[in-house]
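Thanks for coming. I will talk through one structure, element by element, and then take the ligand.

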Amino acid sequence: MSSYTPIKDIDQKLDIIDHVNQDHPEEVLAIANSYQTSSHKILAAKVLDIFEEGVNIEVQRPHDTDQVFAPFQIKGELEDQILYLAYAAIVKEGRDVSGNGKHFFEVTKKENITQNIVRISVTSATPLPEYYPAYAYAFLLKTMPAIPMSQQNNPQGKSWGKKLFDRLFIWLMKHLSPKNREKLLQSANKDVRLYTLRKSWQDEETEPSVNHGYIDIFTHGNTAGSQWANSLAINDVIMSRSESADKHKHLESGQALLIADETAYPALAGILEKWQNPLQPHVILFSSCPAEQAYFEKDCVVLPEGQVHQLICPPQQQAEQALEIIQTLTSVDVVWAACEAQAAKEIRHYIRNERKIEGKKNHTKAYWSLKTKRKG
Ligand SMILES: Cc1cc2nc3c(=O)[nH]c(=O)nc-3n(C[C@H](O)[C@H](O)[C@H](O)COP(=O)(O)OP(=O)(O)OC[C@H]3O[C@@H](n4cnc5c(N)ncnc54)[C@H](O)[C@@H]3O)c2cc1C
């Protein structure tokens, strides 16, 4: 690999490697499949390194481990280059670039759980994931009159129109200037917002059994997501275009540190509910307004006694305030955090560079950005 040009900004490179390995294993697998020369099936793939020219991926086959190099096909930011490789590989496989399928929900109840967090209770005709902590849906910001559930899925697979659209999208991504590509991505994701499945359960007493879920939305001003949440009414049908799980195996042992702002309270509540580590975690909770800190009590989630730091501050101060606390913690082995993008970046870098915690044990994510840049 030494013939390739190293990336100068090592922190940026490691951020991207950690992000794609933690959150996009399917896309990495699609890229590896697209560039492998062997006919043996790839079981798992992870990005080992990124160079100016492309990505080096480690692949696991039934009987050996190998490396595959995927050369970049477009110019632009590193993240866009990898995103394009993934999109192109997925389209080549004949799958839908917008995600792994649609899911419909029916709204059954709406209530305020804190001053600004709205709980949407939903049911679904198809099962919801049993392991729900931090499981997220990309919701389309629209509501529909109820439609028969039997029409939710398209058993014929991707229509020719969708295939054509996906190919055109990939072609445009390749040929547009980085600035126009950014615009295209933004407009494709304009009416989509990610929200977590706070909890899921099945009501076995009914016949057929009903799949229930909660979605908790932090509303803040007149934003599209907040307006959508506030406009929802009972019996509305809402739809997600893709969904993604989150992994927490790394939190099962060692001293954990968990950090969340209002948007990540639902994910954190799920993680705490399923806590398996004998050591209680340190928890840092941000909120812009004190009222939101009542979320966990209202939701009957027990916070670890004596290890919770409640920080009331504007999003711009999240990093500074969190780092002040983290510096006082003598032992931290594993981290899960989700908050504003710049804060997440500063916290992730501190954990990586000062506390020497590697990416596998440092899942620090951006859930939203003060400088909104939507890539889906
Ligand atoms: C995996 C994942 C799971 C998520 N789960 C949840 C969840 O369960 N509940 C939840 O409420 N959010 C959740 N989010 C965050 C949510 O998707 C974003 O906050 C989203 O930007 C909200 O869209 P919007 O239309 O309200 O604002 P946007 O249209 O995205 O932005 C409009 C303006 O509002 C600002 N803004 C956006 N979010 C916030 C905020 N939280 N505080 C202050 N200003 C903000 C932006 O900087 C921008 O200026 C999740 C995000 C991810 C990535």
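Asn 112 stands opposite Val 118 in strand E5. E5 covers residues 117–124, and its antiparallel partner is strand E4, residues 103–112, with six bridges between the two. Strands pair here if DSSP finds at least two bridges between them.

Before going on, the conditions. This is a predicted model, in which local features need pLDDT of at least 70, side-chain atom pairs count only at pLDDT 80 or more, and totals for chains, interfaces and linings use all residues. Numbering starts from 1 along each chain as its sequence is written. Helices (H or I, at least four residues) and strands (E, at least two) are DSSP runs numbered from the N terminus. On that basis the protein has 10 helices and 14 strands.

Now burial. A residue is buried if 20 or more other C-beta atoms lie within 10 Å of its own, exposed if 12 or fewer, and partly exposed in between, with C-beta atoms placed from the backbone. Of the 376 residues in the protein, 33% are buried. Contact is defined as C-beta atoms, placed from the backbone, within 7 Å. Among contacts with a separation of 6 or more, 70% are between residues 24 or more positions apart.

Which residues of helix H9 are buried? In H9, residues 318–326, they are Gln 318, Ala 319, Ala 322 and Ile 326. Seen down the axis of H9, these buried residues fall within an arc of 85°, so they line one face of the helix; the arc is that of the directions from the helix axis to the C-beta atoms. The face turned away from the buried side carries the exposed residues Glu 320 and Glu 324. The buried residues of H9 pack against strands E10 (256–260), E11 (282–287) and E13 (334–340), and against helix H10 (341–353).

Pro 315 is in the loop between strand E12 (308–312) and H9. Pro 315 counts as buried because 20 other C-beta atoms lie within 10 Å. Beyond its neighbours within four places in sequence, Pro 315 is in contact with Ser 288, Glu 340, Ala 343 and Leu 370. Leu 370 is 55 residues away in sequence from Pro 315, and the C-alpha to C-alpha distance is 8.0 Å.

Lys 190, in the loop between helix H5 (178–188) and strand E7, counts as exposed, because it has 10 C-beta neighbours inside 10 Å.

Last, the ligand. A residue is near a molecule if its C-beta atom, placed from the backbone, lies within 6 Å of it. There are 22 residues around the ligand, and Thr 196, Thr 223, Gly 225, Thr 263 and Trp 368 come nearest. Strands E7 (192–203), E8 (210–218) and E14 (362–368) and helix H6 (224–231) each supply at least two residues of the shell. E7 gives the most, four residues.

Key. Contact = placed C-beta atoms within 7 Å.
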